[in-house]
Amino acid sequence: MTRLVLWDIDLTLIDARGFGPRWYHRALVEVTGKALQRMPDTAGRTELAITTDVLEIHDSPTDEATVSAMFAALTSAVAATRDELAQRGSALPGAERALRTLAADPGFTQTLVTGNLAEVAFHKLESFDLHHHVDFEIGGFGAGSMHRHDLIADSVAKTTDRHGGPISPDSVVVVGDTPHDVAGALHFGAIAVGVATGRSTEDDLRSAGAHVVLPDLADTDTVVAALRP
């Protein structure tokens, strides 16, 4: 088995800051008729956890049907703003080259472990032409659990089904910008690579237990070296 690299998206590969509250406002109004008053913390968390918090904050039901309706509305909101996202957001420096380099290297298999819904993840990466480089079919996405380590386990299980196994945890590398990404990796037994392109500093990521911390993805050789066995 090649080394399995699991990428976070937001503030690891792309910058879509400012869009999230707008998407949630539109979804909340559509599903509950209520205007968004406050967002919970979103950094490193799954869509299931964030959506549940948003509904609770706004005194709305958190049953499966309401959460599912929110997911559908969020996906529509993101799809409706893809052109604007492409214009006002950005791929982070080095992200495209890092993904392209790993995609061409038979020593790596790369996909996503992200708090985003699968459809939202696709829209975000497609906005910056990054979607070609990762295998969405074996990713771990944020609809299924409130805990990131469950998303990692889901991705590894899908990869095992696709490529055969077993996959040892130390052949799995999780790349993300928050302590939640690091904690998920450590819980699973994977290698945690922190990238200080979000709100967390390099010291924050080291303190969380990251095995390797990078300032960014700009130096492709350094990134690839960090991900190799």
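**View 1. The largest nonpolar core holds 50 residues.** Among its members, Trp7, Leu13, Ile14, Leu112, Leu125, Val175 and Leu227 touch the most others. Helix α3 is the biggest contributor, giving seven residues. A nonpolar core here is a set of buried Ala, Val, Leu, Ile, Met, Phe, Trp, Tyr and Cys residues joined through side-chain atoms within 4.5 Å. Buried means under 20% relative accessible area, exposed means over 50%, and partly exposed lies in between, with a 1.4 Å probe and protein chains only. In soluble globular proteins, nonpolar side chains tend to be buried together.

A word on what you are looking at: this is a predicted model, in which local features need pLDDT of at least 70 and side-chain atom pairs count only at pLDDT 80 or more, while totals for chains, interfaces and linings use all residues. Residues are numbered from 1 along each chain as its sequence is written, and side-chain values use heavy atoms, with hydrogens and water left out.

**View 2. Here is Ile14 with its contacts.** Contact means heavy atoms within 4.5 Å. Setting aside neighbours within four places in sequence, Ile14 is in contact with Ile9, Ser90, Ala91, Leu92, Lys124, Leu125, Phe128 and Leu130.

**View 3. Helix α6 spans residues 118–126.** Its buried residues are Val120, Ala121, His123, Lys124 and Leu125. The elements covering them include β2 (14–15), α1 (19–32), α3 (64–80), α4 (82–88) and β4. Helices (H or I, at least four residues) and strands (E, at least two) are DSSP runs, numbered from the N terminus.

**View 4. Five strands make an open, parallel sheet.** Follow them in the order β4-β1-β5-β6-β7. At the edges sit β4 (108–112) and β7 (212–214), each pairing on one side only. Neighbouring strands are turned by 20° against each other on average, direction ignored; the axes are lines fitted to C-alpha atoms, and angles run from 0 to 180 degrees between N-to-C directions. Two strands pair if DSSP finds at least two bridges between them. Zoom in on β1 (residues 3–7) and β5 (residues 172–176), and you find four bridges in the parallel sense.

**View 5. Arg199 and Asp41 form a salt bridge between distant parts of the chain.** A salt bridge is a side-chain nitrogen of Lys or Arg within 4 Å of a carboxyl oxygen of Asp or Glu, and by this rule the count comes to 15. In this pair the closest N and O atoms are 3.2 Å apart. Arg199 lies in the loop between β6 (191–195) and α9 (202–208), and Asp41 in the loop between α1 and α2 (47–57), 158 residues apart. Arg199 is exposed at 60% relative accessible area, whereas Asp41 is partly exposed at 41%.

**View 6. Arg228 reaches Asp105 in another salt bridge.** Their closest N and O atoms are 2.7 Å apart. The two residues are 123 residues apart in the chain: Arg228 is in the segment after α10 (220–227), and Asp105 in the loop between α5 (95–103) and β4. Arg228 is partly exposed, at 40%, while Asp105 counts as buried, at 17%. Elsewhere, salt bridges with shared partners join Asp8, Arg148 and Asp181 into one network.
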